[in-house]
Amino acid sequence: MTSEDTNTMHRLLAPDLEWWFHGPPSHRHHLVPHLTATTTTYTKPVLVPDLIVGFGSVTIAEGFDETNLVWWVHAWTTTADGVITEIREYVNTSVTVTRLGFHGSDDVVASAMCQSVWQSKLSDESVPGLILAI
């Protein structure tokens, strides 16, 4: 995606891509310039992840943009053939990923169990947090 090649972007991104953002409004379009190969009014962020992890069809990358002084976490969902269908962008937000599971019998409505599987590391305690369920 960092190549900003339009043909590559069309192969990687679903035409009905779902993009979701959480963070300060001033950083609302932190990732958009890379997805759309457009210019911005501020310094385009350098998105070099410090960490990349995967959970099935969900991949998470975390990094720090030193130029714009923001922590970021990007989570994307892909199809079996590698097309990105959903991107969640978190800026200056602590993220905890949980895996939802269910237990119970066929005759009884299952009760939900929530297991934490990953937590962002780069942000500090002053940053608000969110939980992403996969």
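Predicted model: local features only at pLDDT ≥ 70, side-chain atom pairs only at ≥ 80, totals over all residues.

Reader: What share of the residues of the protein chain count as buried?

Author: Buried means under 20% relative accessible area, exposed over 50%, and partly exposed in between (1.4 Å probe, protein chains only). In this chain of 134 residues, 36% count as buried. As for the surface, accessible areas come from the Shrake-Rupley method with a 1.4 Å probe, and for residues only the protein chains shown count as cover. The protein chain exposes about 8,000 Å², of which carbon and sulfur atoms supply 55%.

Reader: Which residues form the largest nonpolar core?

Author: A nonpolar core is a set of buried Ala, Val, Leu, Ile, Met, Phe, Trp, Tyr and Cys residues joined through side-chain atoms within 4.5 Å. The largest one has ten residues, namely Val53, Phe55, Val58, Ile60, Val73, Ala75, Tyr90, Val95, Val97 and Trp118. Two or more residues of this core come from each of strand 2 (51-55), strand 3 (58-65), strand 4 (70-78) and strand 6 (94-103). Another core, of eight residues, lies apart from it and includes Met9, Ala61, Trp76 and Ile84.

Reader: How many aromatic pairs does the count come to?

Author: Rings of Phe, Tyr and Trp (its six-membered ring) pair if their centres lie within 6.5 Å; planes under 30 degrees apart count as stacked, over 60 as edge-to-face and the rest as tilted. By this rule there are three aromatic pairs. In the pair of Phe64 and Trp71, the ring centres are 6.0 Å apart and the planes stand at 55°, so the pair is tilted. Phe64 is partly exposed at 31% relative accessibility, and Trp71 is partly exposed at 21%.

Reader: Which residue has its charged end over the ring of Trp20?

Author: A charge sits over a ring if NZ of Lys or CZ of Arg is within 6 Å of the ring centre and within 35 degrees of the ring normal. In this model the residue is Arg88, whose charged end is 5.5 Å from the centre of the Trp20 ring.

Reader: With which residues is Ser120 in contact, leaving aside its neighbours within four places in sequence?

Author: Contact means heavy atoms within 4.5 Å. Ser120 belongs to the loop between strand 7 (111-119) and strand 8 (129-133), and counts as buried at 9% relative accessibility. Beyond those neighbours, Ser120 is in contact with Glu62, Val73, Thr93, Ser94 and Val95. A polar contact is a pair of N or O atoms within 3.5 Å; within protein, one must be able to donate a hydrogen and the other to accept it, and residues adjacent in sequence count only if both atoms are side-chain atoms. The side chains of Ser120 and Ser94 make such a contact, at 3.5 Å.

Reader: Where does Asn92 lie, and is Asn92 buried or exposed?

Author: Asn92 lies in the loop between strand 5 (84-91) and strand 6. Its relative accessible area is 19%, so Asn92 is buried. Although Asn92 is not a glycine, it has a positive phi of about 50°.

Reader: How far apart in space are Leu13 and Gly82, C-alpha to C-alpha?

Author: Sequence separation and distance in space are to be read side by side. Leu13 and Gly82 are 69 residues apart in sequence and 8.9 Å apart in space, C-alpha to C-alpha. Leu13 lies in strand 1 (residues 13-22) and is buried, with a relative accessible area of 12%. Leu17 is also found in strand 1, and its C-alpha atom is separated by 7.3 Å from that of Ile84, 67 residues away along the chain.

Conventions:
Residues numbered from 1 in each chain as written. Heavy atoms only, no water. Helix = DSSP H or I, 4+ residues; strand = E, 2+ residues; numbered from the N terminus.
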